[in-house]
Amino acid sequence: MRPDKNELVRMLSITKDDELQELYNQAYEVKKKYVGTKVYFRGIIELSNICTKNCYYCGIRKSNLDFQRYTITMEEALAEAKWCYEQRYGSLVIQAGERIDPDWVDFIEELIRGVKRVSDGKLGITLSLGEQSEDVYRRWFEAGAHRYLLRVETTNPELYKSLHPADHDFEYRKSCLDLLRKTGYQVGTGVMVGLPGQTIEDIAEDILFFYDKDVDMLGMGPYIPHHGTPLGHLEKSFEPDNALKMGLKMIATCRITLKDVNIATTTALQALHPEGREMGLLAGANVLMPNITDTKYREGYQLYEGKPCMDENANQCVGCLSRRIASIGETIGFDEWGDSRHFEARKS
Ligand code: SAH
Ligand code: SF4
C-alpha cells in the first residue's frame with residue numbers, strides 16, 4: 001500500500017525521546033518480520049576521489065583543490081577484494097567520484113571481472129559510480145556487477161537545483177534508476193536528510209518516490225557540512241544530535257512503510273556518534289558497509305567532515321564491528337549476498 005503522506009510527516013516530525021524510541025521499536029518489529037536480524041556486510045572500496053562533478057555539498061567535488069587526487073591500482077583493488085572474500089563478507093561495493101571517459105569504463109569492467117576471478121565468482125558486486133549511459137550500465141552488468149546505488153539526493157527539483165550547478169541534470173539522474181532496473185540490476189537509491197532548505201514534507205515526498213520507483217535498496221544518511229565546499233559555512237550551525245536523530249527517523253520510517261527493502265546503516269551516522277551505525281540497525285537498517293579501503297587513501301576520500309576509522313586498518317575494523325553487532329543481539333550473514341527480499345519478491 002502506498003504510504004500516507006500525513007502519516008509519514010507525523011513519524012518524521014517526532015522529537016520526544018520516548019516517542020522516538022517507540023518509532024525505532026516499531027521499525028525493529030517490522031524488520032524482524034520482513035527481513036530478519038542478520039546484518040549483511042558489503043566491504044566498500046573507495047576506488048578513486050577523482051570526480052568530474054561539482055555537487056555543492058561534497059568534499060571531493062571537482063573544484064576542491066585542497067587535497068591530492070588518487071585512484072587505487074588494479075592490483076591493490078583486487079587485493080582488497082580478495083581480503084574481503086577471505087573475511088567471508090558476501091559482497092563488495094565499488095564507489096568513486098563520477099567519471100564517464102572510456103578508460104575509466106574499461107578499467108571498471110576489467111576490475112569487475114577481476115573481482116569475480118579472485119573470489120571464485122562468489123563475491124556479490126555493488127557499484128556506486130554515478131550517472132552513466134545505458135550502454136555502460138549494461139557492460140558493467142554483463143561483467144558481473146548486480147546491484148547499483150545511485151542516490152537522487154533529494155526529490156524536490158528546486159532543492160536539487162540549489163545544491164548543484166546548472167549542468168547537473170536532475171531528470172537524467174532520476175532516469176538512470178529506470179535504466180538500471182531495465183538492465184537487470186537491483187536498484188538502490190536514497191537521499192540526504194537535513195539538507196539546507198529541506199522540509200519534512202520534502203522528505204515525506206522522497207519516501208513516496210522510493211515507493212513509486214519500487215526500489216530494492218536504500219542508502220540514506222544525514223547531510224554533514226564539509227569546510228572545503230560552497231556550503232562550508234553551514235558547519236557553524238550544524239547540530240550533530242539533530243542530524244543523527246533525523247537520519248535514524250528516516251531509516252525507521254522507511255522500514256515501517258517500505259518493509260522488505262534492504263536499508264544500509266551508513267558511515268555518516270557513525271561520524272555523528274560512535275555507535276551511530278548500531279543505532280541504525282536498531283532503527284531498522286539491515287546492511288552495513290565496512291570500509292576496506294587501504295588507510296593510506298582514506299584521508300583523500302572525505303565526502304563530509306569527521307569520517308570515522310580514518311587511520312584504522314580494515315582488519316582492526318572487522319574486530320570492532322563483530323563485537324558491536326553481537327552486543328545488540330544480531331548476527332552477521334557471512335558468505336551471503338543478502339539480496340534485497342523486495343527484489344526477490346518482484347522476480348517470483
Ligand atoms: N559519485 C557517486 C558516488 C560517490 S558520492 C555519486 O555521487 O553517486 C556518494 C554519496 O555521498 C552521494 O550520493 C551523497 O549522497 C553522499 N555525500 C556527499 N557529500 C555528502 C555530505 N557532505 N554529507 C553526507 N553525505 C554526502
Ligand atoms: Fe562527485 Fe558524487 Fe561528490 Fe557529486 S556527490 S561531487 S558526483 S563524488
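**Reading the terms**

Visitor: What makes the radius of gyration of the chain agree with that of a compact globule?
Guide: A compact globule of 348 residues would have a radius of gyration near 20 Å, and the chain has 19 Å, so the two agree. This is a predicted model, and its C-alpha atoms fill a box of roughly 50 × 45 × 40 Å along the principal axes. The chain has 14 helices and 11 strands, and 59% of its 348 residues are buried. Among contacts between residues at least 6 apart in sequence, 77% join residues at least 24 apart.

Visitor: Why is Ser48 called buried?
Guide: Buried means under 20% relative accessible area, and Ser48 has 0%, so Ser48 is buried. Ser48 is found in strand 1, residues 38-48, where, not counting residues up to four places away in sequence, it touches Tyr70, Thr71, Gln95, Ala96, Gly97, Trp104 and Tyr301.

Visitor: What makes the pair formed by the side chain of Ser48 and the backbone nitrogen of Ile50 a polar contact?
Guide: The cut-off for such a pair of N or O atoms is 3.5 Å, and the backbone nitrogen of Ile50 lies 3.1 Å from a polar atom of the side chain of Ser48, so the pair is within the limit.

Visitor: Is Thr265 buried or exposed, and how do you know?
Guide: Thr265 has a relative accessible area of 2%, and because the limit for buried is under 20%, Thr265 is buried. Thr265 lies in strand 9, residues 262-265, and a polar atom of its side chain is 2.9 Å from the backbone oxygen of Arg277. Leaving aside neighbours within four places in sequence, the residues in contact with Thr265 include Gly276, Arg277, Gly280 and Val287.

Visitor: Why is Ser237 called exposed?
Guide: Exposed means over 50%, and Ser237 is at 52% relative accessibility, so Ser237 counts as exposed. Ser237 is found in the loop between strand 8 (221-222) and helix 9, and its C-alpha atom is separated by 9.7 Å from that of Pro225, 12 residues apart along the chain.

Visitor: Why is Ala271 called partly exposed?
Guide: The relative accessible area of Ala271 is 23%, which falls between the limits of 20% and 50%, and therefore Ala271 is partly exposed. Ala271 is found in helix 10, residues 267-272, and, neighbours within four places in sequence aside, is in contact with Ile224, Tyr304, Glu305, Gly306, Lys307 and Pro308. Its C-alpha atom is separated by 32 Å from that of Glu344, 73 residues apart along the chain.

Visitor: What is the phi of Lys259, and why is Lys259 called partly exposed?
Guide: Lys259 has a positive phi of about 65° although it is not a glycine. Its relative accessible area is 30%, again between 20% and 50%, so Lys259 is partly exposed. Lys259 lies in the loop between helix 9 and strand 9. Asp335 has a positive phi near 65° and is a residue other than glycine, and with a relative accessible area of 46% Asp335 is partly exposed.

Visitor: Which residues have the most contacts inside the largest nonpolar core?
Guide: The largest nonpolar core has 101 residues, and those with the most contacts inside it are Leu47, Leu127, Trp140, Phe210 and Met250. The largest share of this core, 10 residues, comes from helix 9, residues 240-258. A second, separate core of 8 residues includes Ile44, Val93, Leu149 and Val287. In soluble globular proteins, nonpolar side chains tend to be buried together.

Visitor: How do you know that Glu153 and Arg151 make polar contacts with ligand 1?
Guide: The limit is 3.5 Å; a polar side-chain atom of Glu153 lies 2.6 Å from an oxygen atom of ligand 1, and an N or O atom in the side chain of Arg151 is 2.8 Å from an oxygen atom of ligand 1, so both pairs qualify. Of the 18 residues around ligand 1, those that come nearest are Tyr57, Arg151, Glu153, Arg173 and Ile224.

Visitor: Which residues are around ligand 2?
Guide: They are Cys51, Lys53, Cys55, Tyr57, Cys58, Ile60, Arg61 and Gly97, and this shell divides into 5 nonpolar, 1 polar and 2 charged residues.

How values were computed:
Residues are numbered from 1 along each chain as its sequence is written. Chains are lettered from A and ligands numbered from 1 in the order in which they are written. This is a predicted model: local features need pLDDT of at least 70, side-chain atom pairs count only at pLDDT 80 or more; totals for chains, interfaces and linings use all residues. Side-chain values use heavy atoms; hydrogens and water are left out. A residue is near a molecule or strand if one of its heavy atoms lies within 4 Å of it. Ala, Val, Leu, Ile, Met, Phe, Trp, Tyr, Cys and Pro count as nonpolar, Asp, Glu, Lys and Arg as charged, and the others, Gly among them, as polar. Helices (H or I, at least four residues) and strands (E, at least two) are DSSP runs, numbered from the N terminus. Buried means under 20% relative accessible area, exposed over 50%, partly exposed in between (1.4 Å probe, protein chains only). A polar contact is a pair of N or O atoms within 3.5 Å; within protein, one must be able to donate a hydrogen and the other to accept it, and residues adjacent in sequence count only if both atoms are side-chain atoms. Contact means heavy atoms within 4.5 Å. A nonpolar core is a set of buried Ala, Val, Leu, Ile, Met, Phe, Trp, Tyr and Cys residues joined through side-chain atoms within 4.5 Å. The radius of gyration is taken over C-alpha atoms; the globule rule is 2.2 Å times the number of residues to the power 0.38.
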